[in-house]
Amino acid sequence: MALYPEIEPYDRGLLDVGDGNRVHWETCGNPHGKPALVLHGGPGSGCTPYFRRLFDPAVYRIVLLDQRGCGRSTPHASAYDTDMSVNTTAHLIADLELLRRHLGVGRWLVWGVSWGSVLGLRYAQTHPAAVSELVLTGVATGSNPEGALLTRGLGLIFPQAFQRFVGELPEDERDGNLAAAYNRLIESPDPEVRERAARAWTDWETAAIPAAPRSVPRFEDPRFRMAFARTVTHYFGNDHFMGEGNDEGVVLRDAYLLKDIPGTLVQGSLDFGNLLGTVWRLHHAWPGSELVLVDDVGHNAGAPDMAEALVAATDKYARR
């Protein structure tokens, strides 16, 4: 099945979630259909219309939101005075529950990509009664080794880009947590330091997760670039706010809590996250999960074969 046709929201709003934050949400498809929540990646990238097309609009009530600090939510993380201390995994999970109650949803399917898969998994583990199924792609669990892989680990595969990436840091900051070191630069009161660090971070992301062409248009938007780099380094530099035990992986440790929630993991065979075996470990620790491997695809939910597998998964759960 190809992507479903483009659709527009029939409702949208800004939900006051506290701490001075208002989260943008929209609903598409069938107002009386099966609820499905979309969690974007990043953290800090925001939702796009593409996600709407992964669900049958005649069957699903599709809910998309921009997580704190990004997209159309306010305040935006690109603004230096935005308080990032109230942007944590616990805050985002609380926002999802506020939104669920605001929309009058009992249980919903949760769809997540990349960071959205981390958030979706932790949400399901802490609020299992709210989640009917999970569909996850570009699967991650937010463990510290995963963050280290995406910075220092991939330096062995992309040494020239890594040398440039590390070279932007002060010499005494190059041996520790690279995301935390970059976050300190991005939180500098000097706007030139902040902008240079945000550019260096997104240049590394572009090099380490190869794109064709070798640029990512959204990273050319200074507002998006700053919010994205600031939010990603904020999470990566703080153990994804998972608490003690994240060196072993809190989400993997608690995978047994998903035992009553069906789930489908759609993963590209060339996704660099696979180097740690995370998706296989999660699948085998999660009774009732299904793993769908898509050949010759990396960390890209928009690839045609990935889209086909994701639509097949949402179609399957539409019949439950």
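## A cluster of aromatic rings

Ring pairs join Phe-162, Phe-165, Tyr-182, Trp-201, Trp-204 and Phe-236 into a cluster, where rings of Phe, Tyr and Trp (its six-membered ring) pair if their centres lie within 6.5 Å, and planes under 30 degrees apart count as stacked, over 60 as edge-to-face and the rest as tilted. This is a predicted model, in which local features need pLDDT of at least 70 and side-chain atom pairs count only at pLDDT 80 or more, while totals for chains, interfaces and linings use all residues. Residues are numbered from 1 along each chain as its sequence is written, and side-chain values use heavy atoms, with hydrogens and water left out.

The structure holds 16 aromatic pairs. The rings of Tyr-182 and Trp-201 have their centres 5.7 Å apart and their planes at 65°, so this pair is edge-to-face. The pair links distant parts of the chain, since Tyr-182 lies in helix α5 (residues 178-186) and Trp-201 in helix α6 (residues 191-208), 19 residues apart; helices (H or I, at least four residues) and strands (E, at least two) are DSSP runs, numbered from the N terminus. Both Tyr-182 and Trp-201 are buried, where buried means under 20% relative accessible area, exposed over 50% and partly exposed in between (1.4 Å probe, protein chains only).

## A charge over a ring

The charged end of Arg-218 sits over the ring of Phe-228, 5.4 Å from its centre. A charge is said to sit over a ring if NZ of Lys or CZ of Arg is within 6 Å of the ring centre and within 35 degrees of the ring normal.

Strand β3 (residues 34-39) is mostly covered, with six of its six residues buried. Lys-34, Ala-36 and Val-38 point one way from β3, whereas Pro-35, Leu-37 and Leu-39 point the other way, and all are buried.

Two strands pair if DSSP finds at least two bridges between them. β3 pairs with strand β4 (residues 60-65) in the parallel sense over five bridges, and four bridges join β3 to strand β5 (residues 108-113), which also runs parallel. Leu-37 takes part on both sides, standing opposite Val-63 in β4 and having Val-110 as its bridge partner in β5.

Most residues other than glycine have a negative phi, and most peptide bonds are trans.

Phe-241 is not a glycine, yet its phi is positive, at about 55°. Phe-241 lies in the loop between α7 (222-236) and α8 (250-253) and is partly exposed, with a relative accessible area of 28%. Asp-296 has a positive phi too, near 60°; its place is in the loop between β8 (289-294) and α10 (304-318), and at 67% relative accessibility Asp-296 counts as exposed.
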